Amino acid sequence: VLGELIEKFVSHLSESRTDCYFSMGNYKAMDADVKKESLSSVQQLGVEMTVRYGKYLNLLKEDAENELCFVLINSEKFLKQQQRSVVSSLCCLQERYAGYDWFVSSIFLIMSGDREKTLTFLQQFSHLLVSAFLWLPRLHLSIHLPDTTVESGIHPVYFCSAHHIEMLLKAELPLVCSAFHMSGFTPSQICLQWITQCFWNYMDWNEICHYIAICILLGPDYQIYMCISVFRHLQQDILKHTEA
């Protein structure tokens with residue numbers, strides 16, 4: 001039901017010019033070579049974890065591994081249409097996105113392993129501003145960013161969402177903010193980790209789905225409120241750890 005809801009919502013928004021923040025060219029998914037060799041070792045590991053988790057949740061069938069590889073390869077090719085080439089020694093600025101695409105994996109599971117539905121959704125979703133915040137590889141080497149931003153290797157989620165999380169944390173949860181300050185560890189570091197991984201390994205599957213749906217339906221600022229609410233939920237544990 002949730003898959004159908006966000007699918008219809010995104011399809012509706014992507015047809016409206018005023019809601020389309022990014023323009024995208026047409027891309028037709030090809031039966032690319034979906035052998036695991038064409039993925040990096042990090043991606044292969046991510047695929048194995050996703051399929052294992054999907055089967056545990058009873059969302060995926062036996063051939064899911066090939067289907068997910070197909071989606072990952074094609075979404076990568078699709079995003080490449082709007083990437084620039086940058087000469088840099090930074091690992092994160094090599095041609096391929098350095099990490100694993102947890103957002104695509106999440107959508108693949110929400111769509112119960114249907115590769116066509118997943119790819120159609122991703123293409124429509126990429127028109128919307130919220131895609132820049134939920135789908136981190138979306139802005140990897142992107143032509144939509146200023147040269148200096150791309151060359152810095154710092155994702156906009158870090159200096160937009162994570163920055164606002166820290167500002168709100170000072171006002172809403174001063175004790176948690178102080179605890180982080182004393183530890184020499186910033187809240188933005190852990191938030192970037194949560195956001196990059198779509199809260200995998202931190203929240204239950206239902207909560208991950210709610211996080212994605214809330215941000216799509218209500219706007220990217222809910223990513224910030226979600227992180228603040230998690231810190232509020234963890235406040236007592238954080239303070240206990242600080243005392244210890």
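A residue counts as buried under 20% relative accessible area, as exposed over 50%, and as partly exposed in between (1.4 Å probe, protein chains only). With 32% relative accessibility, Leu217 is therefore partly exposed. This is a predicted model, in which local features need pLDDT of at least 70, side-chain atom pairs count only at pLDDT 80 or more, and totals for chains, interfaces and linings use all residues. Residues are numbered from 1 along each chain as its sequence is written, and side-chain values use heavy atoms, with hydrogens and water left out.

Start with the whole chain. The protein chain holds 13 helices and zero strands. Both kinds of element are DSSP runs numbered from the N terminus: helices are H or I with at least four residues, strands are E with at least two. Of the 244 residues, 46% count as buried. Contact means heavy atoms within 4.5 Å. Among contacts with a separation of 6 or more, 76% join residues 24 or more positions apart. The accessible surface comes to about 13100 Å², and 54% of that belongs to carbon and sulfur atoms. These areas come from the Shrake-Rupley method with a 1.4 Å probe; for residues, only the protein chains shown count as cover.

Now return to Leu217. It lies in helix 11. It also belongs to a nonpolar surface patch with Leu5, Ile214, Leu218, Tyr222 and Tyr225, and together the patch has about 500 Å² of accessible area. Patches are made of residues with over 30% relative accessible area and no salt bridge; like charges are joined within 9 Å, nonpolar side chains (Val, Leu, Ile, Met, Phe, Trp, Tyr) within 5 Å. Helix 11 (205-218) and helix 12 are the elements that give two or more residues to this patch. Helix 11 gives the most, with three.

Next, look at helix 1 (residues 2-14), where Glu7 is found. Glu7 is buried yet has no salt bridge. A salt bridge is a side-chain nitrogen of Lys or Arg within 4 Å of a carboxyl oxygen of Asp or Glu. The nearest side chain of opposite charge is Lys117, 4.1 Å away. For charge, Lys and Arg count as positive and Asp and Glu as negative, while His and the chain ends are not counted. Neighbours within four places in sequence aside, Glu7 is in contact with Met111, Lys117, Phe121 and Gln124.

An α-helix has 3.6 residues a turn, so residues three or four places apart point the same way. Just after helix 9, Gly184 takes a positive phi of about 75°.

Finish in the loops. Leu234 has its place between helix 12 and helix 13. Its C-alpha atom is 9.0 Å from that of Val176, 58 residues apart along the chain. Asn58 lies between helix 2 (41-56) and helix 3 (64-80). It has a positive phi of about 60° although it is not a glycine. At 70% relative accessibility, Asn58 counts as exposed. Phe199, in the loop between helix 10 and helix 11, is not a glycine either, yet has a positive phi of about 65°. At 1% relative accessibility, Phe199 counts as buried.
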